[in-house]
Amino acid sequence: MTEGSQGVEVTRKDFLFGVGLTGVSFVTGGLVGFGFGDSRSGDGGSPPQQATPGSGPQPSGKVTNPYPASLVPATAETTKQLTLEATEKTVDIAAGVRYNAWTFGDSVPGPVVHMRQGDTLDFTFKNTSSQGHSIDFHSAQTPWNVNYVTIVPGKSLSFRWKANFPGVFMYHCGTPFVLHHIANGMYGAVVVDSDPPLEPAREYVIVQSEFYATAGENGSWDADEEKMKAARPDLMAFNGAAFQYRDNPLPAAVGEKIRLYVMNAGPTLFSAFHVIGAIFDRVLVDGNPRNPLYGISTYTVAPGQGCTFDLTVPDAGQYPFVTHSFAYTELGAVGLLDVK
Ligand SMILES: [Cu+2]
């Protein structure tokens, strides 16, 4: 479809903001297309659109405290120490939407764990919450029945694992009902640098996930298991808050190598990862340099998977990164690269 086929003059801005063009599937009702407007409450007097009308959270305004997406360089020591605490914490999953989450380290996602191939992680898991939780590192090779067991409140567990494989990995709680524990916020990313390392780049970590919400107390939101089982999310997020990098674009420069470490925490939906206006020079499946693909426009990141996306942008401008599954894009899995 072209703009001309609509018989309507449509400016670039109109397209991005989803006004004036009615023939595009993601422009529906009063919804500001892509969620690129100031809020999802619409701009034309139509009622707001949502996944489950009347029963889900509605973001309002802009996210002002974005999760830091820049990858912090790995430290020099070959044996790294990490303690993660399972907690209960109310977090912002969109502008004005407070959610009663279960976390690793009080944030959703939990902290990014950055290692180098061959490093050992000397790990301690502490459960300071009110119910049993566990940890599962997709980057580790270790027995499930020994180290991924559920730890009761007040207890801890320590074990070590070695980063034998480079890549982008998920860690998560694996305590039943696993769907609920992941959906409630218990996940994070592990990035293992290859040996030898990839060429230098501007590096960001992006964790996609779903939120399924039912109204809780004091205006906050709780997990909705029925929506989880039906895979009907209310919000989709990159790094735990819907639309946060639309509101706070990630900077980059013309001609520089940009590297996105994309991990899909799910718990259920696939990511069709794409940057609008760009083509990936190279995608590393699972983030492993032995799995390169070249000249990719959109690539699937399954729930529980991570991939490395390299791109270079020849012209200044704004480039949205999205899941190209547009029912979900509209729920918040969209951000901007601001290339100057
Ligand atoms: Cu858990």
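Modeller: Two strands are said to pair if DSSP finds at least two bridges between them. The strands themselves are DSSP runs of E with at least two residues, and helices are runs of H or I with at least four residues, both numbered from the N terminus. The model is a predicted one, in which local features need pLDDT of at least 70 and side-chain atom pairs count only at pLDDT 80 or more, whereas totals for chains, interfaces and linings use all residues. Residue numbers start from 1 along each chain as its sequence is written.

Colleague: What makes β7 and β8 a pair?

Modeller: Six bridges join β7 (residues 167-172) to β8 (residues 187-193), and the criterion is at least two, so the two strands pair. Their sense is antiparallel. One of the bridges sets V168 against V191 in β8.

Colleague: Which sheet contains this pair?

Modeller: An open sheet of four strands, with the order β3-β8-β7-β5 and mixed pairing. At its edges stand β3 (113-116) and β5 (136-137), each pairing on one side only.

Colleague: In the sheet ordered β12-β9-β14-β19-β16-β17, why are β12 and β17 called edge strands?

Modeller: This open sheet has six strands and mixed pairing. Both β12 (235-238) and β17 (292-296) have a single partner strand, so one side of each lacks a neighbour in the sheet. Neighbouring strands here are turned by 20° against each other on average, direction ignored; the axes behind such angles are lines fitted to C-alpha atoms, for helices over the stretch in contact, and angles run from 0 to 180 degrees between N-to-C directions.

Colleague: How do you know that β19 pairs with β14 and with β16?

Modeller: Seven bridges link β19 (residues 306-312) to β14 (residues 257-266), and three link β19 to β16 (residues 280-284). Both pairings are antiparallel. Within β19, T308 is the bridge partner of Y261 and also of L284, while L311 stands opposite I258.

Colleague: What makes β19 mostly covered?

Modeller: Six of its seven residues are buried, a term for residues with 20 or more other C-beta atoms within 10 Å of their own, where 12 or fewer means exposed, values in between mean partly exposed, and C-beta atoms are placed from the backbone.

Colleague: Which residues does K62 touch?

Modeller: Leaving out residues up to four places away in sequence, K62 touches A95 and D247; contact requires C-beta atoms, placed from the backbone, within 7 Å. R246 is 184 residues from K62 in sequence, yet their C-alpha atoms are 8.7 Å apart.

Methods
Contact = placed C-beta atoms within 7 Å.
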